[in-house]
Amino acid sequence: MLDRLDPIDRRLLDEFQRDLPLVPQPFAAIGAALGVSEDEVISRLEQLGARGMVARVGATVRPNTAGASTLAAMAVPEDRIDEVADIVGAEPGVNHSYLREDDWNLWFVATAPDTAALEASLGRISAKSGLRVLDLRLVRPFNIDLGFRLDARARAAMPESRATRLAVLESADRPILQALTEGLPLVSRPFAAVAQRIGRPEVEVIARIATLSGAGILTRVGVIVRHRAIGWAANAMVVWDLPENRIAAAGPALARLCGVTLCYQRRTVPGLWDFPLYSMIHARSRAEAEEVLAEAAALPELAGAPHRALFSLRCFKQTGALLKADAA
């Protein structure tokens with residue numbers, strides 16, 4: 001699919017997954033960089049969205065900063081997969097839901113404005129399905145950016161690690177964050193459109209986005225790409241069974257490996273799910289993903305670590321996070 005993109009579309013997807021210009025007319029600034037007009041940038045983004053290649057132009061919010069979130073898993077009998085996936089997807093806070101290769105086969109990310117709302121959401125899913133839900137909360141992120149170069153195995157520089165400064169977050173930021181997770185309108189002055197909707201000045205909205213990005217609350221601001229739709233069809237979540245005293249070294253080593261696009265530590269469920277370290281691999285083919293996995297398994301920091309690769313089979317839902325109660 002990548003080879004069917006014309007050069008401008010490819011650059012648009014490749015170069016603007018982060019660092020969206022925080023100016024009143026960001027699409028004009030992108031157009032200046034690409035050598036095309038503002039109208040053409042907007043038109044191309046609309047077309048890429050219609051083709052399923054772009055989810056939105058907006059931002060990703062660092063987990064458990066402006067709201068609560070978790071990764072969850074369910075062991076669903078094969079004859080109930082569609083039924084249970086519908087139950088999961090009906091929860092407004094579920095923003096990603098996948099069928100993966102494992103007995104624990106239905107995986108989803110659940111978000112909510114706060115911990116109580118998140119737990120209530122998981123409880124509703126369990127009650128409606130009659131199945132256990134594993135709640136695998138984030139412990140420590142090593143790379144949660146999920147912005148990467150589209151060329152096969154190209155090594156993109158990881159964003160510089162920085163401490164998250166939660167003190168800068170204000171209650172009035174929630175409508176801005178929700179707008180960014182839902183997606184900016186594709187108009188000449190998208191920040192002005194958001195500002196008008198929430199009753200704040202455009203300059204203030206732009207300034208708050210810059211502040212939240214600089215504080216690490218926004219992990220990136222830019223074009224949110226649907227990687228499967230553009231040809232990165234092999235998506236594997238690889239989980240690693242490591243003792244706590246090895247994770248601090250193994251996590252950064254995994255995160256630096258070309259082909260690994262996410263890496264983090266999560267809580268385990270002893271006896272049911274004993275894998276604390278997670279890494280995501282996005283590749284164009286299963287064989288390519290398995291090459292990355294072989295390199296990962298050969299890292300000294302992961303020597304002898306049992307692991308399991310859960311390739312994605314189906315995507316049921318992919319939307320932005322739920323950060324405001326009235327956004328449901």
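In which helix is Leu293 found? In this predicted model, Leu293 belongs to helix α10, which spans residues 286-297.

The chain comprises ten helices and eleven strands. Its radius of gyration is 20 Å, in agreement with the value near 20 Å that a compact globule of 328 residues would have. Along the principal axes, the C-alpha atoms occupy a box of roughly 55 × 40 × 40 Å. Of the 328 residues, 52% count as buried. The accessible surface amounts to about 13,900 Å², and carbon and sulfur atoms account for 51% of this area. When contacts between residues at least 6 apart in sequence are considered, 78% of them link residues separated by at least 24 positions.

In soluble globular proteins, nonpolar side chains tend to be buried together. In the present model, the largest nonpolar core contains 41 residues. The residues with the most contacts inside this core are Leu12, Leu13, Ile30, Ile209, Leu218 and Val223. At least two core residues are supplied by each of the helices α1 (7-15), α2 (26-34), α3 (38-50), α6 (174-182), α7 (190-198) and α8 (202-214), and likewise by each of the strands β1 (54-61) and β7 (218-225). Apart from this core lies another, of 25 residues, including Ala255, Leu277, Val292 and Ala296. For Ile209, with residues up to four places away in sequence not counted, the contacts are Leu22, Ile176, Leu180, Phe191, Leu218 and Val221.

Leu293, in helix α10, has a relative accessible area of 13% and is therefore buried, the cut-off being under 20%. Beyond its neighbours within four places in sequence, Leu293 is in contact with Val238, Trp240, Ile281, His307 and Ala309. Val260 is 33 residues from Leu293 along the chain, and the C-alpha atoms of the two are separated by 8.6 Å.

Thr70 is located in strand β2, residues 68-74. Its relative accessibility is 1%, so Thr70 counts as buried. Between Thr70 and Cys315, 245 residues apart in sequence, the C-alpha to C-alpha distance is 18 Å.

Two loop residues were also examined. Arg51 is situated in the loop between α3 and β1. Because its relative accessible area of 43% falls between the cut-offs of 20% and 50%, Arg51 is classed as partly exposed. Leu5 and Asp9 are the residues touched by Arg51 when those up to four places away in sequence are not counted. Arg51 and Ile87 are 36 residues apart in sequence, and their C-alpha atoms are 27 Å apart in space.

Asp19 lies in the loop between α1 and α2. With a relative accessibility of 62%, which is over the 50% cut-off, Asp19 counts as exposed. Most residues other than glycine have a negative phi. The phi of Asp19, by contrast, is positive, with a value near 60°.

Terms used. Residues numbered from 1 in each chain as written. Predicted model: local features only at pLDDT ≥ 70, side-chain atom pairs only at ≥ 80, totals over all residues. Heavy atoms only, no water. Helix = DSSP H or I, 4+ residues; strand = E, 2+ residues; numbered from the N terminus. Rg over C-alpha atoms; globule rule 2.2 N^0.38 Å. Buried < 20%, exposed > 50% of the residue type's maximum accessible area, 1.4 Å probe, protein only. Contact = heavy atoms within 4.5 Å. Areas by Shrake-Rupley, 256 points an atom, 1.4 Å probe, with all protein chains shown as cover. Core = buried A, V, L, I, M, F, W, Y, C linked by side-chain atoms within 4.5 Å.
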